[in-house]
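Let me put the structure up and then walk you through the inside of it.

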Amino acid sequence: MPFSLRRLLRLLRDIMTLPAADDAAVSEGERRQWEPPFDASRPAPPISYPITDLAALASRSYLSEDSNFHLPFNRASTPLPSPGAPLPPRRRLLVCHDFQGGYRDDAAPQGGANPDAYALWHWHLVDVFVYFSHYLVTLPPPCWTNAAHLHGVKVLGTFITEWDKGAEICREMFATQDSAQMYAERLAELAAALGFDGWLINIEVKLDIQFIDNLKEFVNHLTKRMHAAVPGSLVIWYDAITVGGDLDWQDKLNEHNKPFFDLCDGLFVNYTWKEKYPRDSAAAAGDRKYDVYMGIDVFGRNTFGGGKWNTNVALDLLKKDDVSTAIFAPGWIYETKQQPDFQSAQNR
């Protein structure tokens with residue numbers, strides 16, 4: 001997701017081989033629990049953790065109880081009240097949880113020691129919850145899935161490729177149609193086994209045009225496999241790469257990203273859109289206008305209306321133009337210690 005300070009810091013890190021500045025655990029000199037020499041097969045206090053490379057995804061090691069001691073603890077235990085039900089035919093609210101790099105207090109599926117850990121409680125306003133991080137395969141910790149499902153909210157994991165490493169991953173994944181389908185099947189299998197409801201797909205790299213047909217097949221096959229494995233599930237495409245292979249955020253639904261939208265359940269529009277773009281997107285979507293989720297970055301990074309305490313400016317416009325909303329990083333309130341206290345600020 002473009003134009004953020006965090007993305008700039010990560011680029012500088014890649015150039016200078018320094019730790020990521022937005023990763024508190026790393027900046028404090030601490031190793032993430034799942035980083036080497038972590039051995040998932042050995043008994044230990046259970047943790048939730050992502051899949052960070054293609055080999056691990058292809059091998060299905062995460063779903064092997066012999067290879068992954070933590071697997072039983074990461075299966076959600078609360079189903080949706082109406083499994084298989086589609087999203088309602090109205091404007092919807094998607095909340096994307098981009099919080100301090102992901103897997104913080106919520107990485108302890110049996111509960112942690114921080115009584116002030118970040119949480120949402122306005123679930124009745126939310127239709128879809130995305131657990132987001134910058135790891136390759138972000139698997140929602142079961143605490144989020146259970147809480148969301150209790151209130152009828154669908155939960156998505158994130159598949160993301162970015163930077164030079166991400167482009168290399170995409171070239172391997174989409175080298176053939178068979179490979180594209182295989183990785184789609186691995187993702188669908190993970191969601192079904194762990195009890196969440198689909199994926200946000202964020203391909204944020206430039207690709208040669210030769211890979212685009214197989215990328216489209218990946219999206220198509222994943223959507224079909226998810227629908228078959230988990231009725232009512234969703235695959236949502238993020239507005240970054242175009243159908244021509246360019247990394248060029250459109251900030252609306254148009255001919256450059258609609259071929260992906262046509263193969264899945266929705267588009268998460270990048271958050272730097274202009275005033276007329278929601279109307280343009282609704283027109284392009286036709287009878288699927290509620291499947292267009294216009295992004296709003298609560299941190300306010302080049303977002304319409306400025307985000308932060310002015311997030312309502314964008315929401316009011318989207319209400320008028322009758323399209324859906326994707327609120328990105330509402331944890332801004334917690335991360336920036338908004339006054340007078342977290343509970344008051346969260347309610348505001």
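**Core, pocket and a buried pair**

So, the largest nonpolar core has 102 residues, and Phe159, Trp199 and Phe218 have the most contacts inside it. By nonpolar core I mean a set of buried Ala, Val, Leu, Ile, Met, Phe, Trp, Tyr and Cys residues joined through side-chain atoms within 4.5 Å. Buried is under 20% relative accessible area, exposed is over 50%, and partly exposed is in between, with a 1.4 Å probe and protein chains only. Helix H6, residues 177–194, gives this core its largest share, eight residues. Helices (H or I, at least four residues) and strands (E, at least two) are DSSP runs, numbered from the N terminus.

Quick caveats. This is a predicted model, where local features need pLDDT of at least 70 and side-chain atom pairs count only at pLDDT 80 or more, while totals for chains, interfaces and linings use all residues. Residues are numbered from 1 along each chain as its sequence is written, and side-chain values use heavy atoms, with hydrogens and water left out.

Back to Phe159. Leaving aside neighbours within four places in sequence, its contacts (heavy atoms within 4.5 Å) include Leu57, Leu187, Trp199 and Phe218.

A polar atom of the Thr158 side chain lies 2.8 Å from the backbone oxygen of Tyr131. Tyr131 belongs to strand E2 and counts as buried too, at 0% relative accessibility. The Tyr131 side chain also makes a polar contact with the side chain of Asp106, at 2.9 Å. For polar contacts I'm using a pair of N or O atoms within 3.5 Å; within protein, one must be able to donate a hydrogen and the other to accept it, and residues adjacent in sequence count only if both atoms are side-chain atoms. Beyond four places in sequence, Tyr131 is in contact with residues including His97, Pro141, Trp144 and Leu156.

Trp144 brings us to helix H4, residues 142–150, where Pro142, Trp144, Thr145, Asn146, Ala148 and His149 are buried. Strands E1, E2 (128–132) and E4 are among what covers them. Just after H4, Gly152 takes a positive phi of about 80 degrees.

The largest pocket holds about 830 Å³. It is lined by 29 residues, with Leu93, Leu125, Thr311, Leu315 and Ile327 nearest its centre. Helix H10 gives the largest share of that lining, five residues. By class, the lining has 16 nonpolar, eight polar and five charged residues. Here Ala, Val, Leu, Ile, Met, Phe, Trp, Tyr, Cys and Pro count as nonpolar, Asp, Glu, Lys and Arg as charged, and the others, Gly among them, as polar.

How many cavities of 30 Å³ or more are there? Two, across the whole structure.

Points are joined across faces, edges and corners, and a volume is the space filled by probe spheres set on the points.

Conventions. 1 Å grid on protein atoms, 1.4 Å probe; cavity = no way out; pocket = protein on both sides within 12 Å on 5 of 7 lines; lining within 4 Å.
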